[in-house]
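Subject: Model for your files, with notes on salt bridges

Hello,

Please find below the sequence and structure we spoke about. My notes on charged side-chain pairs follow.

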Amino acid sequence: MLEQILEELKPYGARLVAVSKTKPDEAILDLYNRGHRIFGENKVQELVGKYERLPKDIEWHMIGRLQTNKVKYIVPFVSMIHSIDSLKLLREIDKRAGRVETLKPTGVDCLLQYHICTEETKHGMNEQESEELLKAIKETPLQRVRICGVMGMATFTDDMDLVRQEFRNLKKQFDYLKENHFAGQEHFREISMGMSGDYKVALEEGSTIVRIGTLLFGARQYS
Ligand SMILES: *Cc1c(COP(=O)(O)O)cnc(C)c1O
């Protein structure tokens, strides 16, 4: 399945985050041994444990809700945080990143998460909240955080017209931000959207990063 998905991503130039949450180290190593390096987790404790035990050239992406008091555990090694939904969180990442001398000069790469679906349970900002956040960081810029794009989750449904519309809205928001807040900033280029059930639609609507778990690792069991 890995090879097939990578083939599908190629024409779009999109990247794959293999979402390994709840899955054992062996499942990750299986994909690692087939050459894959980008993995995503949604819980800090699980992410840190896997980082410590697994090969150090894995690129770890944090894709789940992040509490400010846990930021410090992942900042030293995380490649990208997809789930920025508040100024407070960004400021904490910036502060913690300032204390880690081994980070690359541009600091921690982050994506702004938007609420694009009909379900209330999924997180993310609306346009007004993100405007306020961007205004605040214009006034007091971040030193060790780089905002690289946007992330969103579509409604969990078979209605692909609805899903497509939601992805289209996220792409529109990305285009707006690119023009009005990040003009000329090369690194602002990522649209993280698409999961096992909807990544093909996401690619058609402009995704640059898909986050796929179930298709790669099988269904998850929560106890
Ligand atoms: C679990 C998860 C995924 C992957 O979902 P699948 O349907 O298993 O592919 C993608 N993104 C986020 C934010 C997730 O929490």
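A salt bridge here is a side-chain nitrogen of Lys or Arg within 4 Å of a carboxyl oxygen of Asp or Glu. This is a predicted model, where local features need pLDDT of at least 70 and side-chain atom pairs count only at pLDDT 80 or more, while totals for chains, interfaces and linings use all residues. Residues are numbered from 1 along each chain as its sequence is written, and side-chain values use heavy atoms, with hydrogens and water left out.

The structure holds 21 salt bridges. Arg15, Glu59, Arg189 and Glu190 are joined in a network of them.

Arg53 and Asp25 form a salt bridge at 2.6 Å, N to O. The pair links distant parts of the chain, 28 residues apart: Arg53 is in helix 3 (residues 44-53) and Asp25 in helix 2 (residues 25-33). Helices (H or I, at least four residues) and strands (E, at least two) are DSSP runs, numbered from the N terminus. Arg53 is exposed at 54% relative accessibility, whereas Asp25 is buried at 14%. Buried means under 20% relative accessible area, exposed over 50%, and partly exposed in between (1.4 Å probe, protein chains only).

Arg37 and Asp57 also meet in a salt bridge, at 3.1 Å, N to O. Arg37 lies in the loop between helix 2 and strand 2 (38-41) and Asp57 in the loop between helix 3 and strand 3 (59-62), so this pair ties together parts 20 residues apart in sequence. Arg37 is partly exposed at 28%, and Asp57 is partly exposed at 42%.

Regards
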